[in-house]
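Please look over the sequence and the structure before reading on.

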Amino acid sequence: MQHTSGALLIIKEMIDALPPSERKIAEFILEFPEETTSLTASQLGERSKTSSAAVIRLCKSLGLKGFQQLKIKIAGDLHKKDQVDGYRDIKPGEPQSEVIMKMTNNSIQTLKETIDVIDKNELKKAVKAITNGENIHFFGVGASNIIAQDAQLKFIRINKHASAFTDFHMAIMHVANLKENDVVFGISFSGNTYEVEKVLELANKKGVTTISLTKLGSSNVASLAKIALKTSTSREATFRSGATSSRLAQLHVIDILFTCVANELYSDAIQHIDETREAIRSIRNTKER
């Protein structure tokens, strides 16, 4: 089931990368979202001083099936209830209680926006690729490597052969020896991390399935991957060390992906999770004696 909201967020994040005619339409939509929902494609073209063809091209650029879907998602944005009121930055000298509330607010906003922008078709492709893949190789640099390691641990629990490399050269050597049914998963919030680009380039030359996880919008990493998963852009607070909101968005997508794969392999996945849990419990019991 597709989410019937998130259009305005997608437009805001992609507007700078749109061609001039599509950008004019996007600007009109952001200024007059209510009016847009009552217009036809031809009328929107006239109101934005472009054309109906440009409206259809904009829908494709936004990853939507057509103008009707765009209007439905805009209407969903306008009628959303109980939303958290945007991102809030930390101010100097604020009490800890206020920091707690603002950080929680930002995290909730990030998760909601990520759910709005995630492409269900791309998610479905990623689930199928990982379910059928022989070895899954996750790679990210810096904070994104934390996401790669988290993904490795999750998939190992259900007996999927998974790896996560911290060293770029080690990753390149490993990718150079990929098997036909392997999957390479590149993680980069910006979508322009050099090392992740090179890993995906080499993986593509080997002919294996490549998946990316980046923020919303066009990027080198996303364009290199055969399957592109996106998160919200997650405006960060002043204290950006560790990329708090973006990291949470990436972890959330990995959790969704893992759960979907585990659901595809339900009986086996439950058995392997029980076995790994029992193995860890037995080690702890031995240590405590």
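## Helices and sheet

The model is predicted: local features need pLDDT of at least 70 and side-chain atom pairs count only at pLDDT 80 or more, while totals for chains, interfaces and linings use all residues. Residues are numbered from 1 along each chain as its sequence is written, and side-chain values use heavy atoms, with hydrogens and water left out.

Helices (DSSP runs of H or I, at least four residues) and strands (runs of E, at least two) are numbered from the N terminus. Axes are lines fitted to C-alpha atoms, for helices over the stretch in contact, and angles between N-to-C directions run from 0 to 180 degrees.

| Helix pair | Axis distance | Angle |
|---|---|---|
| α8 (residues 120-132) and α13 | within 9 Å | roughly 55 degrees |
| α7 (residues 96-117) and α13 (residues 244-264) | within 9 Å | roughly 45 degrees |
| α2 (residues 20-31) and α5 (residues 52-61) | 9 Å | about 85 degrees |

On the α8 side, the contact (heavy atoms within 4.5 Å) is made by Leu123, Ala126, Val127, Ile130 and Thr131, and on the α13 side by Ile256, Leu257, Cys260, Val261 and Glu264. These residues comprise 8 nonpolar, 1 polar and 1 charged. Ala, Val, Leu, Ile, Met, Phe, Trp, Tyr, Cys and Pro count as nonpolar, Asp, Glu, Lys and Arg as charged, and the others, Gly among them, as polar.

Helix α7 also crosses α13 in a right-handed way. Residues of α7 in this contact include Met103 and Leu111, and those of α13 include Leu248 and Ile256. The contact of α7 with α13 has 7 nonpolar, 7 polar and no charged residues.

What is the arrangement of α2 and α5? Those two helices are roughly perpendicular to each other. Ser21, Glu22, Ile25, Ala26 and Ile29 of α2 touch Ala54, Val55, Arg57, Leu58 and Ser61 of α5. By class, 6 of the residues in the α2 and α5 contact are nonpolar, 2 polar and 2 charged.

The chain also has an open sheet of 5 strands, in the order β2-β1-β3-β4-β5, with parallel pairing (two strands pair if DSSP finds at least two bridges between them). Its edge strands, β2 (161-165) and β5 (227-231), each pair on one side only. From one strand to the next, the twist averages 15 degrees. Strands β1 (residues 135-140) and β3 (residues 183-187) run parallel and are joined by 5 bridges. Phe138 stands opposite Phe185 in β3. Helix α11 (residues 194-205) packs on the sheet and touches β1, β3 and β4 (209-215), and the direction of α11 makes about 160 degrees with that of β3.

Salt bridges (a side-chain nitrogen of Lys or Arg within 4 Å of a carboxyl oxygen of Asp or Glu) number 7 in the whole structure. One of them joins Arg47 and Glu35 at 2.6 Å, N to O. Arg47 is in helix α4 (residues 41-47) and Glu35 in helix α3 (residues 33-36), 12 residues apart.

Key: Left-handed = near helix turned anticlockwise from the far one by under 90°. Parallel < 35°, antiparallel > 145°, perpendicular 65-115°, else oblique.
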